[in-house]
Amino acid sequence: MTGIVCAYLKEAKPLIKYFNLKKINDKFSIYENKKISLIISNQGRLNSAIATTYLLSTRNISNIINFGIAGSSEFEIGEIFLVNKINNKFFPDILISHPFRESEIICFDEVVESGNYKLVDMESEGFFKAAIKFLKSHQIHLIKIISDNLVCFRPSDEFMNNLITSHLKSIENYINSLKEPKHFDLKVVENLAKKYDLSFSQKEQLKNRIMYYLLNNLELPDIDFKKSERKNDFRRIMNEFKI
Amino acid sequence: MNLRFSHIYVEKRVKNEEYVKEILAKFPKAEIIEINHYKDRFNPYYQSFRAQKEAQSLILAKKEAPFIYEASDLIQKQDINFFYTTPMLNCIYDCHYCFLQGMYPSSNLVLFTNFDDFFNETEKLYKKLGNMFLSISYDTDILAVENLFGVAKKWADFVKDKDIKLELRTKAVNVDFPYQKNLVFAFSLSPEIVIKKYEKFTPSLEARIKAVKKVIKKGFKPVIVFDPIIKVPNFKEVYREFLNKVFSEIDYKDIESIVYGTFRMNSTQFKIIKKQLLSDIYYYPYNVKNGIVEYEDKKEVIEFIESLLPDVKKFKV
């Protein structure tokens with residue numbers, strides 16, 4: 001599942017509509033479908049960190065995106081960016097090809113109305129610092145759309161909709177390209193451990209042996225003898241695996 | 001799509017160096033990201049060594065002391081005064097048995113650009129000792145990226161008139177190199193099945209043998225390295241066939257020595273790697289002795305390999 005953290009509902013609305021996310025009953029404002037869970041954090045790095053922590057603690061999320069608007073003194077309104085550096089010290093790992101331009105971002109606690117900045121926002125650092133407690137840096141993504149050239153304003157729904165809608169397809173493609181971690185099904189270990197009452201350490205040894213077989217594409221032996229005594233059963237099981 | 005070096009991180013303090021500019025010019029499409037210190041990018045715990053291997057970034061940085069290290073007991077000390085240095089951290093190859101996976105939080109390639117600092121420190125030690133055996137391919141495969149970075153050439157020039165043997169241990173086949181007497185080419189060879197399964201991104205056995213022959217033709221006596229020897233299924237057959245092939249194509253009289261050893265690893269590194277990498281190497285039954293993971297039947301494996309080796313100088317671990 002992919003998590004999305006937005007500061008404002010206005011930023012999230014085009015995504016909620018596009019991905020057909022449904023509001024669910026929760027402590028936070030959360031919108032979901034089977035593949036995406038979107039949370040509204042409210043403004044600021046602390047709020048973003050809290051919402052990110054909540055989402056990652058309560059969902060099985062393998063990639064998380066901080067999506068929202070950003071100010072810039074350099075780029076044009078409407079341009080979209082993938083962030084590669086936050087406050088000169090945090091680095092989301094960009095390991096897949098993508099259609100966006102990349103930029104650094106500086107995270108402030110107040111609205112920035114002057115200076116020379118590629119991207120500025122108020123959430124990125126809080127989001128990232130929370131996310132790294134749960135995920136690796138290549139699973140953490142920040143997508144920002146320029147909303148202003150460092151002026152304080154209150155964007156309308158229509159403005160936000162126009163700003164974001166043209167990028168929805170590329171955001172969808174990006175989400176689809178994110179990898180889910182591989183899992184090995186080791187039910188066979190659990191079944192044997194249960195059947196022959198194996199100890200924790202015996203289970204671990206058996207797991208190693210079975211993993212060795214699976215990774216060498218060897219056929220697992222069919223183990224089905226009468227239960228006797230744990231130690232003997234374990235020895236017999238291990239003897240079935242020839243290494 | 002190969003994303004290797006699609007991102008290059010450059011320390012502010014080296015960004016204006018000529019060498020750095022030359023490197024950056026070779027990657028016109030890369031994202032160049034300025035950093036304060038390479039450790040800001042390299043050290044954080046929340047990176048995935050494995051994921052980064054699929055799209056390695058390059059970090060250009062300045063190394064601080066120490067520049068020279070004494071070789072560990074886990075590698076073969078072929079000479080007295082055996083030292084190694086680290087002009088790079090990490091490697092573009094991805095070998096399942098490599099200890100670097102358990103040592104570094106990141107698999108990004110760090111290239112240190114302050115060559116003069118390395119040379120000055122080496123010079124001081126050399127003057128004290130009178131001779132040295134220096135490996136520059138210990139934490140990396142320097143020849144694998146020689147066409148891009150030219151690091152081995154810089155070191156070769158540095159040791160030219162000195163009594164320093166410069167070891168270039170490699171799986172690469174890029175040996176079109178300014179040959180000189182004190183270079184020690186050490187070729188790591190493995191059975192093709194081991195290469196395919198455990199030595200991702202490396203050249204084939206065929207190509208490596210060709211490179212060995214090329215070096216011999218130039219009048220050099222290379223070192224041949226069979227390390228680590230891996231107990232693959234049908235181990236004896238695989239290694240018998242492999243060693244037959246190697247010594248039917250390479251005349252053993254043309255090589256300087258053979259270095260060999262079975263798979264072994266510090267047990268802490270072993271545990272770290274096992275958590276990250278899905279490779280059968282880490283699921284084989286091993287002994288742990290004095291903090292080192294090794295084969296239960298290491299002695300028999302070594303004896304078997306020794307029975308197949310020709311009569312040349314040998315170094316075993």
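Among contacts in chain A between residues at least 6 apart in sequence, what percentage join residues at least 24 apart? The figure is 65%. Two residues count as in contact if their C-beta atoms, placed from the backbone, lie within 7 Å.

This is a predicted model: local features need pLDDT of at least 70, side-chain atom pairs count only at pLDDT 80 or more, and totals for chains, interfaces and linings use all residues. Residues are numbered from 1 along each chain as its sequence is written, and chains are lettered from A and ligands numbered from 1 in the order in which they are written.

The predictor gives the complex an ipTM of 0.90 and a pTM of 0.92. Chain B has a mean pLDDT of 93, where pLDDT is the predictor's confidence in each residue, from 0 to 100. In chain B, 97% of residues reach 70 or more.

Chain A holds eight helices and nine strands. These are DSSP runs, numbered from the N terminus: helices are H or I, at least four residues, and strands are E, at least two. Along the principal axes, the C-alpha atoms of chain A fill a box of roughly 75 × 35 × 30 Å. Of its 243 residues, 40% are buried (20 or more other C-beta atoms within 10 Å of the residue's own, with C-beta atoms placed from the backbone).

Now to chain B. Five strands form an open sheet with mixed pairing, in the order E2-E1-E3-E8-E6. Strands pair if DSSP finds at least two bridges between them. Strands E2 (31-35) and E6 (88-89) of chain B stand at the edges with a single partner strand each, so one side of each has no neighbour in the sheet. E2(B) pairs with E1 (residues 7-11) of chain B in the parallel sense, over five bridges. Tyr9(B) stands opposite Ile33(B) in E2(B).

Notes:
A residue is buried if 20 or more other C-beta atoms lie within 10 Å of its own, exposed if 12 or fewer, and partly exposed in between; C-beta atoms are placed from the backbone.
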